[in-house]
Amino acid sequence: MAKVVKIALAGEGGQGVQSVAEIIAEAANEEGREAIYIPNFGVEQRGGVSIAFLQIGDEPIGSPKFEKGDIVVALSDRAVRRTRQYVDENTIFVYDSSIEGVEQDLPTNAKKILAIPALEVAKKELHPRVFNVIIMGAVLEATRVVSMEQAKKAIEKKLGYKFEKAPELRELNYKAIDRGASLVREQ
């Protein structure tokens with residue numbers, strides 16, 4: 001991977017976009033890649049739009065922030081509106097298909113727009129709490145910035161203490177990341 005991959009993840013505070021970015025950055029570091037993760041959120045951490053800026057590459061990364069992303073992910077209506085500025089003709093724009101009323105707000109200049117039913121899948125097939133892990137699987141499938149195996153190791157590192165108390169959570173999170181990847185493949 002010669003090029004730096006620029007990822008912006010946005011959602012409402014509490015949706016886990018910062019955790020997803022941290023886990024992807026950890027996985028990239030463990031694979032020997034360069035990774036920079038910059039959180040961006042206001043004082044209203046829970047309830048306001050939260051954006052995680054993430055860059056991954058094989059060479060040192062110059063600036064921590066970027067103007068346009070290779071992939072931009074929006075998990076709420078406000079996030080769709082807020083992230084349009086990071087989209088250009090080279091951007092894959094991903095949003096949750098359950099978000100209503102944003103049709104007019106979707107970027108018109110994106111390379112590709114993917115509407116994935118992550119929240120619906122989380123609620124009906126897995127558990128609502130792994131919604132963000134489904135999104136992580138989708139990002140990893142769309143970008144191939146790190147391997148699924150390394151991402152699962154990073155999930156283990158971040159959430160291992162929870163898995164010790166409730167081992168079924170490990171399998172749930174692993175199913176969620178795999179299911180997120182399959183949602184992108186199905187597009």
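The structure is a prediction, in which local features require pLDDT of at least 70 and side-chain atom pairs count only at pLDDT 80 or more, whereas totals for chains, interfaces and linings use all residues. Residues are numbered from 1 along each chain as its sequence is written, and side-chain values use heavy atoms, with hydrogens and water left out.

Six strands form an open sheet of mixed pairing, in the order 2-3-1-4-5-6, where strands (E, at least two residues) and helices (H or I, at least four residues) are DSSP runs numbered from the N terminus, and where two strands are taken to pair if DSSP finds at least two bridges between them. In general, strands of a sheet pair through backbone hydrogen bonds, either parallel or antiparallel. The edges are formed by strand 2 (34-41) and strand 6 (112-116), each of which pairs on one side only, and the twist from one strand to the next averages 15°.

Strand 3 (residues 49-57) pairs with strand 1 (residues 5-12) in the antiparallel sense over eight bridges; within this pairing, Lys6 stands opposite Gln55 and Leu9 has Ala52 as its bridge partner. Strand 2 is likewise antiparallel to strand 3, to which eight bridges join it, and Glu34 has Gly57 of strand 3 as its bridge partner. Strand 3 is mostly covered, with nine of its nine residues buried, buried meaning under 20% relative accessible area, exposed over 50% and partly exposed in between, for a 1.4 Å probe and protein chains only. Val49, Ile51, Phe53, Gln55 and Gly57 point one way from strand 3, Ser50, Ala52, Leu54 and Ile56 point the other way, and all are buried.

Helix 1 (residues 17-30) lies across strand 1, strand 2 and strand 3, and runs at about 10° to strand 3; axes here are lines fitted to C-alpha atoms, for helices over the stretch in contact, and angles run from 0 to 180 degrees between N-to-C directions. Ala27 belongs to helix 1 and is buried, with a relative accessible area of 0%. When neighbours within four places in sequence are left aside, Ala27 is in contact with Val146, Gln150, Ala151 and Ala154, contact meaning heavy atoms within 4.5 Å. By comparison, Ala27 and Lys112 are 85 residues apart in sequence and 26 Å apart in space, C-alpha to C-alpha.

Helix 5 (residues 148-165) and helix 6 (residues 168-185) pack at an angle of about 150°, with their axes 10 Å apart, and are therefore roughly antiparallel to each other; angles under 35 degrees count as roughly parallel, over 145 as roughly antiparallel, 65 to 115 as roughly perpendicular and the rest as oblique. Among the residues in this contact are Met148, Ile155 and Leu159 of helix 5 and Leu169, Tyr174 and Ile177 of helix 6. The contact residues divide into nine nonpolar, one polar and five charged, with Ala, Val, Leu, Ile, Met, Phe, Trp, Tyr, Cys and Pro counted as nonpolar, Asp, Glu, Lys and Arg as charged, and the others, Gly among them, as polar.

Helix 3 (residues 118-125) and helix 4 (residues 131-143) pack at an angle of about 130°, their axes being 9 Å apart, and are therefore oblique to each other. In this contact, Ala118, Leu119, Val121 and Ala122 of helix 3 meet Phe131, Ile134 and Ile135 of helix 4, and the residues divide into seven nonpolar, no polar and no charged.
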